[in-house]
Amino acid sequence: MEHSHNIIDVKDKVVIITGSASGIGLNIAKKFLDHGAKVVLSDLNAGSLHQKVKELKSPNVMSIKADVTEEEEIEDLILKTKKHFGRVDIFINNAGIQHVAPIEDFSTETFDKMIAVMLRATFLTTKHVFPIMKEQQWGRIINIASINGLVGFAGKVAYNAAKHGIIGITKVAALECATEGITVNAICPGYIATPLVLNQFDDLAKSRNVSVDKVLNEVLYPLIPQKTLIDIEDISSLVLFTSSSCAKHITGTNLVIDAGYTAQ
Ligand code: NAD
């Protein structure tokens, strides 16, 4: 039985974060570094990863390029991390892409790609990290889903399907490691002020020929009970808490952080 009363006890834990050259993934990486963890940044582009590692100026961070649609690159990411740091304690499935179109106009190729980046990758990373975590008898897998994993949004068929599916994988994976000291959870954020979201509102503003602020006030905020975008730091703090030992009985669930969106 673990007896830690320190809420944030991730010091020296080894964390891999996919899609962490920008946005939420990069913010999560900084949060873990601030709390003494060892972090592997991972993303599509080796150049931008090197740049981020340089900027972070920490001896506890390294980067490994990995396209999560390629199974060999996922295996390589996990094995290289284990070789370098000796363990893999926390795996965060964060890589994601967005495309919005009605179903009849949605390209099948784009649908397949989005399922591969978000849903299939979550299966593959779990498959390859489980043996290490089971051997350690300790692990945390945190899947960044979305409120789009809980309710439907017109125009987001692939994103919704992938995020709903991630919640399904989360439950199955949690059951398969429930007695092994490993937890698996999904985090479901609402709208956060990141490039992925701001680009969507930029596009909408351009198509209506109005300012982004006007779109936020007239289109988005009426839908959000707290009338605000979510602070990215709060997402990272929730991930950090879910990784800690006092979250050891939280497993197979989705933690919603959405400013009240899905309460309606
Ligand atoms: P972002 O675009 O800033 O970051 C996503 C990262 O994933 C990028 O760095 C990108 O290069 C990487 N990526 C894309 N395809 C990849 C691949 N095949 N292999 C490896 N990396 C790949 O977006 P973000 O807003 O930081 O999103 C991060 C996660 O949070 C996503 O899963 C997204 O669905 C989820 N999310 C975001 C919001 C939001 O409001 N921004 C809300 C809910 C959930």
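Predicted model: local features only at pLDDT ≥ 70, side-chain atom pairs only at ≥ 80, totals over all residues.
To find it on your screen, look for Val100, Lys156, Gln200, Phe201 and Leu204, which lie nearest its centre among the 13 lining residues. Helix 6 and helix 7 (212–220) are the elements that give two or more residues to this lining, and helix 6 has the largest share, with four. Sorted by class, the lining holds nine nonpolar, two polar and two charged residues.

Now let us turn to the ligand. The shell around the ligand also takes at least three residues from each of domain 1 and domain 2. Of the 27 residues in this shell, the ones that come nearest are Ile24, Asp43, Tyr159, Ile192 and Thr194.

Which atoms of the ligand lie by polar atoms of serine 22, asparagine 94 and threonine 194? Serine 22 has a polar side-chain atom 2.8 Å from an oxygen atom of the ligand. Asparagine 94 places a polar backbone atom 2.8 Å from a ligand oxygen atom. With threonine 194, a polar side-chain atom sits 2.5 Å from a nitrogen atom of the ligand. How much of the ligand does the protein bury? Alone, the ligand would expose 830 Å², and the protein buries 91% of that. Helix 1 (23–34), helix 5 (157–176) and helix 6 (195–208) are the elements that each give two or more residues to the shell.

Conventions. Residues numbered from 1 in each chain as written. Heavy atoms only, no water. Near = heavy atom within 4 Å. Polar contact = N/O pair within 3.5 Å; in protein donor to acceptor, adjacent residues only side chain to side chain. Areas by Shrake-Rupley, 256 points an atom, 1.4 Å probe, with all protein chains shown as cover. Domains from an automatic or database assignment. 1 Å grid on protein atoms, 1.4 Å probe; cavity = no way out; pocket = protein on both sides within 12 Å on 5 of 7 lines; lining within 4 Å. Nonpolar A, V, L, I, M, F, W, Y, C, P; charged D, E, K, R; others polar.
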